[in-house]
Number of protein chains: 2
Amino acid sequence: MSDAKDNPQPERTDINELGEFGLIEHLVQQFELRQPSTVKGPGDDAAVIDNQDGLTLVSTDMLVEGIHFDLMYTPLKHLGYKAVVVNLSDIYAMNARPRQITVSIALSSRFSVEAVDEIYAGIKAACDFYGVDLVGGDTSSSLKGLIISVTAVGIGQPDKIVYRDGARVGDLICITGDVGAAYLGLQILEREKRLWLENPDIQPDLENQQYLIGRQLKPEARKDMIELFAKAQLVPTAMIDVSDGVASDLMHICKQSGVGAILEESGLPIHHETKMMALKFRVDPTTCALSGGEDYELLFTIRPEDVDKVKYLPDIYIAGEIVPAEDGIKLHTQGGRLHDLKAQGWRHFGKEQ
Amino acid sequence: MSDAKDNPQPERTDINELGEFGLIEHLVQQFELRQPSTVKGPGDDAAVIDNQDGLTLVSTDMLVEGIHFDLMYTPLKHLGYKAVVVNLSDIYAMNARPRQITVSIALSSRFSVEAVDEIYAGIKAACDFYGVDLVGGDTSSSLKGLIISVTAVGIGQPDKIVYRDGARVGDLICITGDVGAAYLGLQILEREKRLWLENPDIQPDLENQQYLIGRQLKPEARKDMIELFAKAQLVPTAMIDVSDGVASDLMHICKQSGVGAILEESGLPIHHETKMMALKFRVDPTTCALSGGEDYELLFTIRPEDVDKVKYLPDIYIAGEIVPAEDGIKLHTQGGRLHDLKAQGWRHFGKEQ
């Protein structure tokens, strides 16, 4: 490894060396355009997209350092990947297909060109995996920290798009994959960070927790489910992605649909590693599932007559039923009790530092 | 004014009182949807837009406190307005029409609900004036300061969209309105800020500079020009909006079109108040025009045979000619000399504070 010998320090190129336009060019040149609908990608005032065969969907999300991620334990590549995935997840949650994204990024001079490259390597990995084009964006300075704002543009068929307001009394509540793991992954990372801050000689012990940590640092959007729905000719009546936790997200569906819900605690899909780690942290696994968030699974409702279609699809769990609004939104516990569901947010608007 | 008596302090509602979802609802309820193409606005995972009659355009820009604006002299309402306008300007610069926007905003707890309301009042004013719909977005905390990211979605006709790469040798270079004023408006605001910081008893003296300050704080996008082009059946060969200064923006056109340019100093449209204030600040008005930026005027090229169409349109100035790439990008001064044009950026990637 003569390279390492000649240059023992990792490279660090100051962003000012490239300038804003140089940085954009440098970042964008690695992306190829693969969507036939992409008429014009980055490099003009606006991207141009030809969407003649359906409805255009637009979704946007912003990730802020210190609020949504902590760079002490978030690899930059994973961060770029996740910033894209959370937006694609919103388009899939409409039963539609993302095709293009724009990425705006603001960062302080603490970040080198190599650091930005890492973020964009993650963005590119997500574009490659999900088959979407990067078609534009903006880079700018920030006074403090890193902010990434992604907008996803997708396409959907008018009779296939699923909103949050379509749940009807008698519909079944379904959840894909498993929920609660991303939250516990975050708790592990936060615990190791605290231990390390107390004693930097201690090496973090993350090796046995790859599943939970992976769910936090590298979530995936359920593109596969949307494809399965199409094959099974299943159109959910309402759908949302689980970003704030099953409780909060189910309440969005109920509120917009004007209905209530009974969620079965026994029906919540919780991974066995989530259960084990919840015990270690002395938290209730159900609470992790209901209030943890960041799972990016799909929470949706189906007509009762579609239950057979769902039964033969992998990785979908029936977890409750839609009831009249006056019956409220309840959790039916494994002990047989009915509790009001509460949307507990983990995040607050933070004090300026 | 019994209200003022009973409640002498301006109201201040902590954002935590509303919560994230409450805040979004609160902000969005004042916006009406007026575009027939808006199938679904805010409140679901993604907005849904029906764009069957043309090409979809997407543009995005992020404004960061301390980098793009200073809240010491930027009214929040103006900031919201400007955040929208700079994005719409990008769509107009493609000879297309914006129809929808999404707005993501991150802010620290230093901002009250009333402050956010002011920003959204400006966003709404821009939506009303330009006839676009707010169809989605995201609100989140920030550790420091205010960040606004806007994405505009527009529609264009395939044979009417104007890119940056269409300028050909012999084409004429045109500029709308006047350039350099926004930069001097900023210099006035910065000067008054410095004076005020030195002696807070001194009242800022801004009254006689409404034109220049207005160009900085409340720019407009040239929607009117796009409408005039359509009426005159004029399709520019290349176009960009003047956000970084005429020099930098012309160089974008030249680079992407593979051509050179001779810009006539005498042809640069500079407002008389810009000239007067440049003298006071002892800067060259031409430098303000070339490197100032933030004018949001249109810089475009036309075929020589279209010159008669432009002659009869108001507020358009012919300021030069496209030449072969090997002739370079030059300024032909009023003194008869030829200088290389330089793209001077005013912004740098700032040090973390």
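**Exercise 1.** Leaving aside neighbours within four places in sequence, with which residues is A343(B) in contact?

*Solution.* The model is a predicted one, in which local features need pLDDT of at least 70 and side-chain atom pairs count only at pLDDT 80 or more, while totals for chains, interfaces and linings use all residues. Residues are numbered from 1 along each chain as its sequence is written, and chains are lettered from A and ligands numbered from 1 in the order in which they are written.

Step 1. Locate the residue: A343(B) belongs to the segment after strand 13 (338-340) of chain B. Strands (E, at least two residues) and helices (H or I, at least four) are DSSP runs, numbered from the N terminus.

Step 2. List the contacts, defined by C-beta atoms, placed from the backbone, that lie within 7 Å. Apart from neighbours within four places in sequence, A343(B) contacts A247(B), S248(B) and M251(B).

Step 3. Consider the distance to D244(B): the two C-alpha atoms are separated by 8.6 Å, although the residues are 99 apart along the chain.

**Exercise 2.** Classify I161(B) and A343(B) as buried, partly exposed or exposed.

*Solution.* Step 1. State the criterion: a residue is buried if 20 or more other C-beta atoms lie within 10 Å of its own, exposed if 12 or fewer, and partly exposed in between.

Step 1. Apply the criterion. I161(B) has 23 C-beta neighbours inside 10 Å and therefore counts as buried. A343(B) has 18 other C-beta atoms within 10 Å and is therefore partly exposed.

Step 2. Describe the surroundings of I161(B). This residue is in the loop between strand 6 and strand 7 (172-176) of chain B. Leaving aside neighbours within four places in sequence, I161(B) contacts V48(A), L55(B), M94(B), N95(B), A96(B) and G156(B).

**Exercise 3.** Determine how chains A and B are related and how they meet.

*Solution.* Step 1. Superpose the copies by least squares on the C-alpha atoms of residues with pLDDT of at least 70 in both.

Step 1. Find the residue of chain B that comes closest to the rotation axis: it is Q52(B), whose C-alpha is at 2.5 Å.

Step 2. Examine the interface. In chain B, 68 residues are in contact with 68 residues of chain A. Strand 3 (residues 55-64) of chain B gives the most to this side, with 9 residues. Of the interface residues of chain B, 100% are also interface residues in chain A, so the copies meet through the same surface.

**Exercise 4.** Trace the open sheet of 6 strands and give its edges.

*Solution.* Step 1. Write the order, 1(A)-2(A)-3(B)-6(B)-4(B)-5(B), with mixed pairing; strands pair if DSSP finds at least two bridges between them.

Step 1. Identify the edges: strand 1 (38-40) of chain A and strand 5 (133-141) of chain B each have a single partner strand, so one side of each is left without a neighbour in the sheet.

Step 2. Inspect one pair within chain B. Strand 3 and strand 6 (residues 146-156) run antiparallel and are joined by 10 bridges; M62(B) has S149(B) as its bridge partner.

Step 3. Inspect a pairing between the chains. Strand 3 (residues 55-64) of chain A pairs with strand 2 (residues 47-49) of chain B in the antiparallel sense over 3 bridges, with L57(A) opposite V48(B).

Terms used:
Contact = placed C-beta atoms within 7 Å.
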